[in-house]
Amino acid sequence: MLVSSENLLNSIKQIRHACIKFDIDNKIVYFDPFDITENYFDADIIFVTHPHDDHFSIENIKKVIKSCTTIIVPRYIKTDDPNNKSIKSEIEKLIDRYMYNEVIEVEINEKYAFKGISFETVPAYNKNHPKENEWLGYTIDVQGSKVYVAGDTEATQELKNLNVDLVILPIDGAFNMSPIEAVDAIKNIKKKPRLVVPYHFGNEKFDKMFNVSTKGKDDIFKTTFEKVDSHKWAYKIK
């Protein structure tokens with residue numbers, strides 16, 4: 001049975017840049033911890049979409065891991081580094097391995113379940129994130145509803161073929177879709193989701209890090225979709 005839009009959005013506890021924090025069946029789930037302002041040490045599962053600094057940050061992961069955290073990462077990672085280091089190896093090198101249960105590598109277009117959380121992997125790519133790297137977005141089950149967390153991507157065919165209730169899309173227009181492109185992408189999803197949350201914008205730390213300005217990028221969402229009164233960062237899709 002699908003949860004209501006209100007309850008689905010209530011599962012989201014934090015949005016900071018491309019970091020999403022969920023409470024799913026009393027499990028705390030993070031995607032791409034970034035700009036974490038205090039030590040929570042509460043993560044049951046951490047998902048990493050790809051190795052860029054604003055998505056894969058050991059400093060921020062250390063603020064949320066606890067003694068039984070599972071970390072989900074892409075198996076393949078192609079970079080300018082001739083050693084082609086994996087995310088898994090970087091985590092194991094930089095974090096005391098006694099601080100978490102395991103790092104699990106996953107591949108594109110597959111289904112998985114860990115700790116009672118079911119999810120699927122979706123290819124994520126654009127001109128700044130090559131398709132051959134096989135970096136990821138994820139769809140995750142939330143009490144009978146499906147949520148898509150895009151990572152960094154463009155309006156891919158995989159996105160258009162989604163069958164989900166909530167899409168969380170990057171709209172910075174610097175390394176990902178522009179807001180207009182994101183709105184068009186939503187309109188071209190074959191089975192319309194109920195809700196959209198734009199992200200990857202308006203974060204001072206990110207803007208300063210990459211010398212861009214992403215403040216106010218969601219203006220087109222305010223005129224295109226209906227804002228959810230109880231969750232000002234979410235929009236209803238009609």
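Two strands count as paired when DSSP finds at least two bridges between them; strands (E, at least two residues) and helices (H or I, at least four) are DSSP runs, numbered from the N terminus. The model is predicted: local features need pLDDT of at least 70 and side-chain atom pairs count only at pLDDT 80 or more, whereas totals for chains, interfaces and linings use all residues. Residues are numbered from 1 along each chain as its sequence is written, and side-chain values use heavy atoms, with hydrogens and water left out.

Strand β2 (residues 19-24) pairs with β1 (residues 12-16) in the antiparallel sense through 4 bridges. Its pairing with β3 (residues 27-31) is also antiparallel, with 5 bridges. Lys21 of β2 is the bridge partner of Gln14, and in β3 the bridge partner of Lys21 is Tyr30. A hairpin with 2 residues between the strands is formed by β1 and β2, and His17 in its turn has a positive phi of about 60°. Strands β2 and β3 form a hairpin that likewise has 2 residues between them; here Asp25 in the turn has a positive phi of about 50°. Of the 6 residues of β2, 5 are buried, so the strand is largely enclosed by the rest of the structure. Buried means under 20% relative accessible area, exposed over 50%, and partly exposed in between, with a 1.4 Å probe and protein chains only.

**View B. The two cysteines Cys19 and Cys68.**
A disulfide is defined here as a pair of cysteine sulfur atoms within 2.5 Å, and the structure holds 0 of them. Cys19 is in no disulfide, and its nearest cysteine sulfur, that of Cys68, is 18 Å away. Cys19 is buried, at a relative accessible area of 0%. Cys68 is partly exposed, with 30% relative accessibility.

**View C. The open sheet of 8 strands.**
The strand order is β7-β8-β9-β10-β11-β12-β14-β13, and the pairing is mixed. Strands β7 (111-114) and β13 (226-228) stand at the edges with a single partner strand each, so one side of each has no neighbour in the sheet. Neighbouring strands are turned by 30° against each other on average, direction ignored; axes are lines fitted to C-alpha atoms, for helices over the stretch in contact, and angles run from 0 to 180 degrees between N-to-C directions. Within the sheet, β9 (residues 136-142) and β10 (residues 145-149) run antiparallel and are joined by 5 bridges. Ile140 has Val147 in β10 as its bridge partner.

**View D. The largest nonpolar core, around Ile140.**
A nonpolar core is a set of buried Ala, Val, Leu, Ile, Met, Phe, Trp, Tyr and Cys residues joined through side-chain atoms within 4.5 Å. The largest such core has 30 residues, and those with the most contacts inside it are Phe22, Phe31, Phe47, Ile140, Val147, Leu166 and Ile168. Strand β9 gives the most to this core, with 4 residues. Apart from neighbours within four places in sequence, Ile140 has contacts (heavy atoms within 4.5 Å) that include Ile24, Val29, Phe31, Phe47, Ile117 and Phe119. A second, separate core of 21 residues includes Ala150, Ala182, Ile189 and Tyr235. In soluble globular proteins, nonpolar side chains tend to be buried together.

All 5 of the 5 residues of β12 are buried, so the strand is largely enclosed by the rest of the structure. Leu195, Val197 and Tyr199 lie on one side of β12, with Val196 and Pro198 on the other; both faces are covered. In a regular strand the side chains alternate between the two faces of the sheet. Strands β11 and β12 are parallel, with 5 bridges, and Val167 has Val196 in β12 as its bridge partner.

**View F. Pro170 and its surroundings.**
Pro170 is found in strand β11 and is buried at 0% relative accessibility. Its C-alpha atom is separated by 7.3 Å from that of Thr153, 17 residues apart along the chain. Leaving aside neighbours within four places in sequence, the contacts of Pro170 include Ala150, Thr153, Met177, Ala182, Tyr199 and His200.

**View G. The buried face of helix α5.**
In α5 (residues 179-187), the buried residues are Pro179, Ala182, Val183, Ala185 and Ile186. Seen down the helix axis, they fall within an arc of 160°, so they line one face of α5; the arc is that of the directions from the helix axis to the C-beta atoms. Among the elements that cover these residues are α4 (157-160), β11 (166-170), β12 (195-199) and α7 (219-224).
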